[in-house]
Amino acid sequence: MNSLLCPGTIVACKYNDFNGDPQTGLFLVLYDEQLDSSNTFKSNFVCVKVSTKLQMVTNYCVPLTDGHNEFFDKPCIALCSKVHTFSKDQVYKILGRLHPFTMKQCYKVYRRFETELERQLEDYL
């Protein structure tokens, strides 16, 4: 797959877990290298995990089944601290794009996570 993956796109990807076992999962796209003029490598994208396991609720998650996104068939959350990088070759399905209201909520929570990440890095340095 070589198409653009705009921020807010929900994709289904095939990947291997930490044990090397094949998995499939849903992810919320945050960044596509193809849209970055300063990047010459164009086939990867950055995303966060989408989960139906609502017991994984943390300070960095956002409900996606908020009445604005009708393509989910189960309650889902975006785990904004579970950041992944995939090749576009791993995408086997595009579900749709989040409603702007929901994407704004995800962005706010992701930024809160990044701020904490920066704080911890700065404390170390």
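Is Cys13 buried or exposed, and what is its relative accessibility?

Modeller: Cys13 is buried, because its relative accessibility is 0% and the cut-off for buried is under 20%. Bear in mind that the model is predicted. Now the bonding. A disulfide is a covalent bond between the sulfur atoms of two cysteines. Searching the whole structure turns up zero disulfides. Cys13 is therefore in none: its nearest cysteine sulfur belongs to Cys47 and lies 5.9 Å away, whereas a disulfide needs the sulfurs within 2.5 Å. Cys76 is in no disulfide either; the nearest cysteine sulfur is that of Cys106, at 11 Å. Cys76 also counts as buried, with 3% relative accessibility.

Next, the packing. Cys106 belongs to the largest nonpolar core, a set of 17 residues. Cys106 is among the residues with the most contacts inside this core, as are Leu28, Val50, Leu64, Phe72, Ala78 and Leu98. Strand 3 (44–51), strand 5 and helix 1 (100–124) each give two or more residues to the core. Helix 1 gives the most, with five.

Leu64 ties several of these names together. Setting aside residues up to four places away in sequence, Leu64 touches both Cys76 and Cys106. Its other contacts include Val50, Phe72, Ala78 and Leu98.

Cys47 sits elsewhere. Cys47 is part of a second, separate core of 10 residues, which also includes Leu5, Val11 and Phe27.

Technical notes. Residues are numbered from 1 along each chain as its sequence is written. This is a predicted model: local features need pLDDT of at least 70, side-chain atom pairs count only at pLDDT 80 or more; totals for chains, interfaces and linings use all residues. Side-chain values use heavy atoms; hydrogens and water are left out. A nonpolar core is a set of buried Ala, Val, Leu, Ile, Met, Phe, Trp, Tyr and Cys residues joined through side-chain atoms within 4.5 Å. Buried means under 20% relative accessible area, exposed over 50%, partly exposed in between (1.4 Å probe, protein chains only). Helices (H or I, at least four residues) and strands (E, at least two) are DSSP runs, numbered from the N terminus. Contact means heavy atoms within 4.5 Å.
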